[in-house]
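Subject: Structure handover

Hello,

Here is the structure for you to look at. My notes on what was found in it come after.

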Amino acid sequence: MVGLGNKGYSWYKRIRRDHPDIQLAVVEVNLELQARLAGELVPFYTSVAEAVVKEQPDILINVTPPAFHSVVNELAFEHRIPVFCEKPISNNYMESLRIVELARLGNIPFMVAENYRCFPFIRHMKMLLDQGVIGNIATIQIDFCRYHPTDIPYFLALENPLLEDVTIHHFDLIRYLTGREGKSIYAFNYCPVGSWLKANVNLNFCLEMEDSIVVNYIGSMTEKGRQTGWSGDWRIEGTEGALLLIDDQLFLNKGEGNIPIDSSGIADLSCFHHFLVALKEGRDAETCGEDYIKSEALVYFANQSHNLQQRVPIIS
């Protein structure tokens, strides 16, 4: 595992808890973070190249800051090591395309960690939509409202931090839940009066999907009123009813009010679990690079729309 910052340490603890059969070695350039291992007998390195040579790993988990993703991924690809990488693939869409192509040409398993689509209520929502409980999807309304001041340097350096760091999750959920790709988008980033950060921490967009599905999104990281869950609140209107997600709780409405749906029986399995299963079965992971780049494309074209102040086509 490369990186032992906040995300890296979170993954370290979950893997130790959920996958005790996995033997971890850690690479981290900041020696002070070694203290997070609390004396555990885990090989520790400050050089990825040295760790790869000495440990001969079966997989590499890349949880470095996004600016370092590519160099770590490329080193793994050179050694033909399957990679599980935190999102985004890189800070630059064209660079992300290049990395995905490298993995494809080398036939190297490459998955991007997309944890939102692994939440039990999201998995349940997908099952219900695939079963046709509301017929064909017509429109989707998403409200994402949080008050979330942060001092994370990576976030603070982004021009459109909500879109580039958070909404990527919601774009991925849109693609996952509908099973459709984007056709065009009109997006508007903005910094509201009184924002805790002088950057575009709010976002509105209208996204046209395949099969005439239209998605409207209102997002804010400066919301002092009601807070939604990190997945946001969703209203998916279909030809035979509506499926709602409110405060991470599912509801079905077929004309007789919002009926709660129990998702407690859905397994809470991490995206890393899905990566391991895909490796074992010799197939592409659910959010392999070639799939996930389509979610990053939505961010890229949303930025284009904002800059041009017009609706733009999504070209894959």
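The notes below go through the sheet, the helices and a few single residues.

This is a predicted model, in which local features need pLDDT of at least 70 and side-chain atom pairs count only at pLDDT 80 or more, while totals for chains, interfaces and linings use all residues. Residues are numbered from 1 along each chain as its sequence is written, and side-chain values use heavy atoms, with hydrogens and water left out.

The sheet

Helices (H or I, at least four residues) and strands (E, at least two) are DSSP runs, numbered from the N terminus. Two strands are taken as paired if DSSP finds at least two bridges between them. On that basis an open sheet is built from nine strands with mixed pairing, in the order β13-β12-β11-β10-β6-β9-β8-β7-β14. The edges are β13 (259-261) and β14 (312-313); each has a single partner strand, so one side of each is left without a neighbour in the sheet.

Several of the pairings can be followed residue by residue. β6 and β10 run antiparallel and are joined by six bridges; D143 has D233 in β10 as its bridge partner. β10 and β11 also run antiparallel, with five bridges between them, and I236 is opposite L243 in β11. A hairpin of two residues connects β10 to β11. Further along, β12 (residues 249-253) pairs with β13 in the antiparallel sense over three bridges, and there L252 stands opposite I259 in β13.

Helices on the sheet

Axes are lines fitted to C-alpha atoms, for helices over the stretch in contact, and angles run from 0 to 180 degrees between N-to-C directions. Helix α5 (residues 120-130) lies across β6 (137-145), β10 (233-238), β11 (241-246), β12 and β13, and runs at about 175 degrees to β11. Helix α7 (residues 161-178) lies across β6, β7 (182-190), β8 (202-209), β9 (214-220) and β10, at about 25 degrees to β8.

There is also a charge placed over a ring (NZ of Lys or CZ of Arg within 6 Å of the ring centre and within 35 degrees of the ring normal). The charged end of K126 sits over the ring of Y176, 5.4 Å from its centre.

How many residues of helix α3 are buried (under 20% relative accessible area; exposed is over 50%, partly exposed in between; 1.4 Å probe, protein chains only)? Seven of the ten residues of α3 (residues 69-78) are, so this helix is largely enclosed by the rest of the structure. They are H69, S70, V72, N73, L75, A76 and F77, and they pack against α2 (48-55), β3 (60-62), β4, α4 and β5 (110-113). R80, which follows α3, has a positive phi, near 60 degrees.

Among the residues making the contact are Y93, L97 and R104 of α4 and E290, I293 and Y300 of α9.

Aromatic pairs and single residues

Rings of Phe, Tyr and Trp (its six-membered ring) pair if their centres lie within 6.5 Å; planes under 30 degrees apart are stacked, over 60 edge-to-face and the rest tilted. The count is 17 aromatic pairs. One of them, W11 with F84, is edge-to-face, at 5.3 Å centre to centre and 85 degrees between the planes. W11 is in helix α1 and F84 in strand β4 (residues 83-86), so the pair ties together parts 73 residues apart in sequence. W11 is buried at 10% relative accessible area, and F84 is buried at 1%. Ring pairs link W11, F84, F272 and F275 into a cluster.

H19 is in the loop between α1 (6-18) and β1 (26-27) and is buried, with a relative accessible area of 12%. Leaving aside residues up to four places away in sequence, H19 touches R14, F272, H273 and L276.

Regards

Definitions and conventions:
Contact = heavy atoms within 4.5 Å.
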